[in-house]
Every structure is written in C-alpha cells, then in structure tokens.
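Visitor: I have not looked at this one before. Can you take me through it?
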Amino acid sequence: MQIKGTKYSKGSVTVIEAAVIPTFGLIVDLLVVDVDVCLFVCEILTTEYYEEHLHAFKVTKETPVSLAICQHKELSDYHVLSLYKHHHSLYVVPKYNLDY
C-alpha cells in the first residue's frame, strides 16, 4: 500500500514513538478504513539498546505478542524500516537520529 509516496507492506517496520529509545512496530496488517484513514496493525518490538558498532537498535519480539493499532497520521516517523538478523539477534537500522 502506498501512502503519500511511501510504500508500506506487511513485514515492514515503522517508528511508533520516537525518543532516545524508540518504539518500533512490525506491520502485520494494513487496514483502509476510509479515503484518508489507514490503520496499521503492528507487533510491538521491545527496544533493548542502541548498538553503536552496527548503528542499529537491538530489538526483541515480545512473548506473548503485543499488538498495537496505529493510524498513519499518528506515526512518529513515516519512513519504512527493515528488521535485520545478525548473530541470532534482531536489529532495526534507522535512516537518521530518531531522538526528537
């Protein structure tokens, strides 16, 4: 699904809350409610710390799974990010500083 020039899809990561330690969400579903309303069903990823060597945030999936429903217009950042696996750990690499 493309919204204002950005392509969102299942499996993409988005920033739910930008801070020194941001909250990321893994998109598990996209819902179009109206012409101007798009909702993301996101699996919350727990941010553990920032790994300076990799320039990435180490994240983990919560057990049990924690879901959140977010409106596109309420996201802290509109860039689509990816989830990377490195030595059995998961990381999200931001495009720039997320500490607003």
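Guide: What follows covers salt bridges, a surface patch and a pocket.
Guide: This is a predicted model, where local features need pLDDT of at least 70 and side-chain atom pairs count only at pLDDT 80 or more, while totals for chains, interfaces and linings use all residues. Residues are numbered from 1 along each chain as its sequence is written, and side-chain values use heavy atoms, with hydrogens and water left out.

Visitor: How many salt bridges does the structure hold?
Guide: Two. A salt bridge here is a side-chain nitrogen of Lys or Arg within 4 Å of a carboxyl oxygen of Asp or Glu.

Visitor: Which side chain does Lys58 meet in a salt bridge?
Guide: That of Glu48, at 3.4 Å from N to O. Lys58 is in strand S6 and Glu48 in strand S5, so the pair ties together parts 10 residues apart in sequence. Strands (E, at least two residues) and helices (H or I, at least four) are DSSP runs, numbered from the N terminus.

Visitor: Is Lys58 buried or exposed?
Guide: Buried, with a relative accessible area of 13%. Buried means under 20%, exposed over 50%, and partly exposed in between, using a 1.4 Å probe and protein chains only. Glu48 counts as partly exposed at 37%.

Visitor: What does Ser89 touch?
Guide: Lys58 and Tyr84, leaving aside residues up to four places away in sequence; contact means heavy atoms within 4.5 Å. Ser89 lies in strand S10 (residues 89–92) and counts as buried at 15% relative accessibility.

Visitor: And which residue pairs with Asp29?
Guide: Lys10, in a salt bridge of 3.8 Å, N to O. The two are 19 residues apart, with Asp29 in strand S4 and Lys10 in the loop between strand S2 (6–7) and strand S3 (13–17). Asp29 is partly exposed at 28%, whereas Lys10 is exposed at 58%.

Visitor: New topic. Which residues form the nonpolar patch on the surface?
Guide: Val28, Val65 and Leu67, with about 260 Å² of accessible area together. Val65 sits in the loop between strand S6 (56–61) and strand S7 (67–71) and is exposed at 52%.

Visitor: What counts as a patch?
Guide: Residues with over 30% relative accessible area and no salt bridge: like charges are joined within 9 Å, and nonpolar side chains (Val, Leu, Ile, Met, Phe, Trp, Tyr) within 5 Å. Accessible areas come from the Shrake-Rupley method with a 1.4 Å probe; for residues, only the protein chains shown count as cover.

Visitor: Last one: which strands each supply at least two residues of the lining of the largest pocket?
Guide: Strand S4 (23–34) and strand S5 (37–51).
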